[in-house]
Amino acid sequence: MIRVMIVDDHKMVREGLTKLIEFDREIKVVEEADNGLDCMNKYHIVKPDIMLLDIDMPDMDGIETFKILSCKKRRPKIIILTVHNEIEYLIKAVDMGVDGYILKDAGSKELIRAIRFVYEGERFIQPGLIPLLNSKLIARDMDQEKLNTLTNREMDILKLVAKGHFNKDIAIILSITERTVKNHLTSVFQKIDCVDRTQAAIFCIRNGVVSVHE
């Protein structure tokens with residue numbers, strides 16, 4: 001028997017999922033929670049095999065819940081069940097190590113298939129999302145190759161550009177001349193295929209070189 005816990009802030013969604021899942025006699029929903037905090041209080045008791053985890057929830061969202069569960073010695077296999085089909089959410093989930101990712105508009109057969117795949121130790125990504133995921137990962141790998149061509153000094157300058165500093169400020173911060181900054185920037189832009197500071201900043205944020213909060 002595969003024991004499943006559903007974590008979603010909408011009661012109707014939880015009830016609907018329970019009915020769909022339990023059409024399969026080898027799968028049973030053993031617990032529900034309506035947010036991350038509620039989930040943390042209950043999962044220790046029921047110890048499910050699989051957790052269906054929504055991303056958007058009050059008090060503690062699915063991402064934060066997953067991070068906490070990942071630190072536990074024994075955690076259930078976790079399938080992100082969400083309305084978000086944006087590639088950024090999927091990439092983040094994959095990088096974090098979730099066991100599955102499926103959209104709420106998926107059919108019942110696909111959901112059952114995801115549960116069974118993950119229970120057997122396989123990672124499950126909804127098939128319709130895989131081409132987009134692969135293209136994004138390839139692009140990210142290409143970006144990483146570009147970053148690897150930068151010298152330490154060029155990387156320092158790129159980070160400062162991404163944070164909004166002008167050449168004069170960068171020269172002062174790094175104790176070099178403005179001309180040296182300009183020469184380095186010309187090289188940087190060529191290596192990362194950007195034509196200006198804005199594109200360079202976007203490149204940095206997209207690849208986690210700097211965050212939007214810096």
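Guide: The word perpendicular has a range here: 65 to 115 degrees is roughly perpendicular, under 35 roughly parallel, over 145 roughly antiparallel, and the rest oblique. Each axis is a line fitted to C-alpha atoms, for helices over the stretch in contact, and angles run from 0 to 180 degrees between N-to-C directions. The names come from DSSP runs, numbered from the N terminus: helices (H or I) have at least four residues, strands (E) at least two.

A word on the source. This is a predicted model, where local features need pLDDT of at least 70 and side-chain atom pairs count only at pLDDT 80 or more, while totals for chains, interfaces and linings use all residues. Residues are numbered from 1 along each chain as its sequence is written, and side-chain values use heavy atoms, with hydrogens and water left out.

Back to the pair. H7 touches H9 through Arg 153, Glu 154, Ile 157, Leu 158 and Val 161. From H9 come residues including Val 181, His 184, Leu 185 and Ile 192. Contact means heavy atoms within 4.5 Å. By class, this contact of H7 with H9 holds 7 nonpolar, 2 polar and 3 charged residues. Nonpolar covers Ala, Val, Leu, Ile, Met, Phe, Trp, Tyr, Cys and Pro; charged covers Asp, Glu, Lys and Arg; the others, Gly among them, are polar.

Now bring in H10, residues 197-206. H9, residues 178-192, packs on H10 at about 60°, with axes 11 Å apart. That angle makes H9 and H10 oblique. H9 passes H10 in a left-handed crossing: the near helix is turned anticlockwise from the far one by less than a right angle, where clockwise would be right-handed. Leu 185, Phe 189 and Ile 192 of H9 meet Arg 197, Ala 200 and Phe 203 of H10. The contact of H9 with H10 counts 5 nonpolar, no polar and 1 charged residues.

On the H7 side stand Leu 158, Val 161 and Ala 162. Facing them in H10 are Arg 197, Ala 200, Ala 201 and Cys 204. The contact of H7 with H10 has 6 nonpolar, no polar and 1 charged residues.

Finally, look at the sheet. Its 6 strands form an open sheet with parallel pairing, in the order E2-E1-E3-E4-E5-E6. Strands pair if DSSP finds at least two bridges between them. E2 and E6 are at the edges, so one side of each has no neighbour in the sheet. H1 packs on the sheet, touching E1, E2, E3 and E4, and its direction makes about 170° with that of E2. H2 packs there too, touching E1, E2 and E3.
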